[in-house]
Amino acid sequence: HEDGRWLIWTDRGSAILGPDDRPELLVGVCTDVTDRRQALAALRESEARFREYIEHAPFGVFVVDSAGTCLEANGAGLAMLGLTMEDLRGKGLEDVRLPSPSLVEHFARLKVEGVSSGVVELQRPDAGPLYWRTNATRLGPDRFIAFCEDVTERRLADQARRDLEHRVQNAQKLESLGILAGGIAHDFNNLLVAILGNADMA
């Protein structure tokens with residue numbers, strides 16, 4: 001280009017033959033596709049950056065189809081499951097973990113409403129239950145993306161705290177009963193002494 005830019009053209013041409021069947025003229029059409037090529041390059045660059053952001057995200061990201069088959073997962077998601085992409089590709093989460101009613105309910109709501117969020121429970125064979133806080137949305141007619149945070153430790157810590165509070169409450173109830181029983185025994189003992197004393201005087 002006169003301003004120094006390089007242009008990208010596509011061309012299509014054909015030869016016009018003379019009486020002796022030798023080419024006399026060349027006719028061609030050129031189309032400037034510079035903007036289209038630049039737009040495609042920018043889109044590829046944007047997709048690469050987005051994929052890099054997703055891959056390095058601190059939470060799990062899963063792309064599944066309408067059957068629940070996993071199509072893509074980032075490193076954090078695979079680490080949360082303790083699997084590789086080869087283990088997971090072409091399978092649903094229910095194929096690699098014990099079936100979870102909360103997961104089935106979550107996915108059914110996602111397919112109907114297009115969005116779903118909440119805590120789902122999964123089961124790892126090499127560990128206890130997993131609790132994930134999940135936010136998912138529809139990407140297209142047959143694609144869904146889910147962003148998952150592992151809240152297992154927080155959930156188990158909350159359960160341990162509730163269990164401890166329950167035991168403390170029970171201990172306090174027993175202590176109160178003990179104090180009450182002691183008070184009743186003391187009063188009964190005083191009453192018995194008074195009765196026995198009156199009996200001796202009689």
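Mentor: The structure holds two salt bridges, a salt bridge being a side-chain nitrogen of Lys or Arg within 4 Å of a carboxyl oxygen of Asp or Glu. The model is predicted, so local features need pLDDT of at least 70 and side-chain atom pairs count only at pLDDT 80 or more, whereas totals for chains, interfaces and linings use all residues. Residues are numbered from 1 along each chain as its sequence is written, and side-chain values use heavy atoms, with hydrogens and water left out.

R109 is partly exposed because its relative accessibility is 27%, where buried means under 20% relative accessible area, exposed over 50%, and partly exposed in between (1.4 Å probe, protein chains only). The other salt bridge links R143 to D142, with the closest N and O atoms 3.3 Å apart. R143 is partly exposed at 37%, and D142 is likewise partly exposed at 31%.

Helix α5 lies across β3, β5, β6 and β7 and runs at about 160° to β5; axes are lines fitted to C-alpha atoms, for helices over the stretch in contact, and angles run from 0 to 180 degrees between N-to-C directions. R143 falls within β7 (143-150). The sheet is open, with five strands in the order β4-β3-β7-β6-β5 and antiparallel pairing; two strands pair if DSSP finds at least two bridges between them. Because β4 and β5 each have a single partner strand, they stand at the edges and one side of each is left without a neighbour in the sheet. From one strand to the next, the twist averages 30°.

Strand β3 pairs with β7 over five antiparallel bridges. There V64 has F144 as its bridge partner, and F62 stands opposite A146. Toward β4, three bridges join the antiparallel strands, with A73 as the bridge partner of F62. The hairpin of β3 and β4 has five residues between the strands, and G68 in the turn has a positive phi of about 85°. Five of the five residues of β3 are buried: G60, F62 and V64 point one way, V61 and V63 the other.

F62 and A73 are also among the residues with the most contacts inside the largest nonpolar core, which has 21 residues; such a core is a set of buried Ala, Val, Leu, Ile, Met, Phe, Trp, Tyr and Cys residues joined through side-chain atoms within 4.5 Å. Elements giving two or more residues to this core include β3, α5 and β7. C70 is another of the residues with the most contacts in the core, and it is buried at 2% relative accessible area. Beyond its neighbours within four places in sequence, its contacts include F62, V64, M85 and L88, contact meaning heavy atoms within 4.5 Å. C30, by comparison, is partly exposed at 46%. The count of disulfides is zero, a disulfide being a pair of cysteine sulfur atoms within 2.5 Å.

Methods: Helix = DSSP H or I, 4+ residues; strand = E, 2+ residues; numbered from the N terminus.
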